[in-house]
Structures are given as C-alpha cells and as structure tokens.
Amino acid sequence: MAILLWIEGTRANSPAFIPGLRKKGYHIETVQTGSQALACLSDVGPDLVVLNALSMRSNGSRICKSLHSQANDLPILVIADQNSHYPEDFCADIILTMPFTIRKLYNRIERILPGEGEQIMRAGPIRLDLERKKVVCQKNESRLTPRLILLLKAFMERPGEVIRREQLFRQIWETDYIGDTRTLDVHISWLRHAIEVDPRNPEYLITVRGVGYRLDV
C-alpha cells in the first residue's frame, strides 16, 4: 500500500480526488502547507507527494524545491491550471493541468511510484524493504515508520538471539533511560501487527519475560 503525502491549501476549488484514491488502496496523509509537509516527512515516510498548486497562493515552486532538498528521491506530482508557468529547474516529476479525470491522475501516480527498493533484508519469511519502508511476511504487507524499521532491523540482524530491553532503548531510542517501558511495549505491539498472523499469539517476535525479546524465524 503506497503512502501519498497530499498538500492542499484552504483555497481548494478542484475536484475532490482523495476519496477516490483511497478507494483504490492508497493511504493518504493530508497537510495544508509546505512547512507542515516538511515537518512530517520522517514520520509519514511517503512514497510520493501530490501538491495541489491550485489551492495555494503560489505555483508551488518553492515548496517543491524545499521537498527536493530534504528528500531528493521523493517523486512529486503537481496539480496546476493551464495558465501556470514553471521554470526549467522546477523539481516536480509530473505537472497535471486541470481538467483531468481521477483515472488519469491514478495512472500518472502509478507511473512515478518507486518500485521495490534495492536495500532488502530477509530473515525467514520476513522481507524488509528499507527504501520503500515496508515489510512483507507471508500474506501481510505493511508500511513501517522509521522507528519501527530500526526496531525490526535490530531483530533481523540477530535472529534467534534475545535482545534485552535496555539494549533496544539504547540502540533505537539512543537513551539509557528505561523507565518508560510502555513506549517499547507499544512499538513491539505495532511490529507484531505488521508481521504476525495472530499478534496476540506471536510466532516470530517472542517475549522473553523479564529480559527482552527474540525473533524466531
């Protein structure tokens, strides 16, 4: 499931494409400004950015340049009108001018979405795509946040080995403070929902009571 970061200001007067794209299986995070988009890049981990320039007070050139400087491999699609003019060094991959159908938008999005990345980790049935920030295990395919990627990577690098809770805090959260055990428990729960058939009865990510966790693959 691809994640789209959709930037649309308060002046939107174009057709509402988001509901239709969600029906096609995209997960869409919406923000209203370029600064909001930059602030949530690391948390959202989008595969593609859609900028509705029709809803902004500018043609979106500055926003695209800022996004490109922070994530230069992130594809950007801009929705514009026929009177918009863009410089030759404009950072968008595709500019779609209104009017167009949702099918045309969908086709353009699919064209520039990145394929499976080259940085793949495997441990048993678990396949972690570090570039596309997704994990596949049996029939499950899930997007992961940057923190969950680091956590799963730590387990996949040491399969069958018990990793102590304090080691995980030190490696993933870069802290020696382990008083907030709820933080780790919640992330382990999220990870189990991503890789386990039955997260309540985990087969792969096993709790070693009083010590930590172990990845059995």
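Predicted model: local features only at pLDDT ≥ 70, side-chain atom pairs only at ≥ 80, totals over all residues.
Q: What makes β6 and β7 a pair?
A: β6 and β7 are joined by four bridges and run antiparallel. Two strands pair if DSSP finds at least two bridges between them, so β6 and β7 qualify. Residues are numbered from 1 along each chain as its sequence is written, and side-chain values use heavy atoms, leaving out hydrogens and water.

Q: How do you know that β7 and β8 pair?
A: Strand β7 (residues 126–129) and strand β8 (residues 134–137) share four bridges, antiparallel again, and the cut-off is at least two. Arg127 is partnered with Val136, and Leu128 faces Val135. The two strands form a hairpin with four residues between them, where Lys133 has a positive phi near 55 degrees.

Q: What makes β6 and β9 edge strands?
A: The open sheet runs β6-β7-β8-β9, with antiparallel pairing. β6 (120–123) and β9 (140–143) each pair on one side only. From one strand to the next, the twist averages 15 degrees.

Q: Why is α5 called a helix, and where does α5 lie?
A: Helices are DSSP runs of H or I with at least four residues (strands are E, at least two), numbered from the N terminus. Helix α5 covers residues 146–156 and lies across β6, β7 and β8, at about 135 degrees to β7. That angle is between N-to-C directions, on a scale from 0 to 180 degrees, using axes that are lines fitted to C-alpha atoms, for helices over the stretch in contact (heavy atoms within 4.5 Å).
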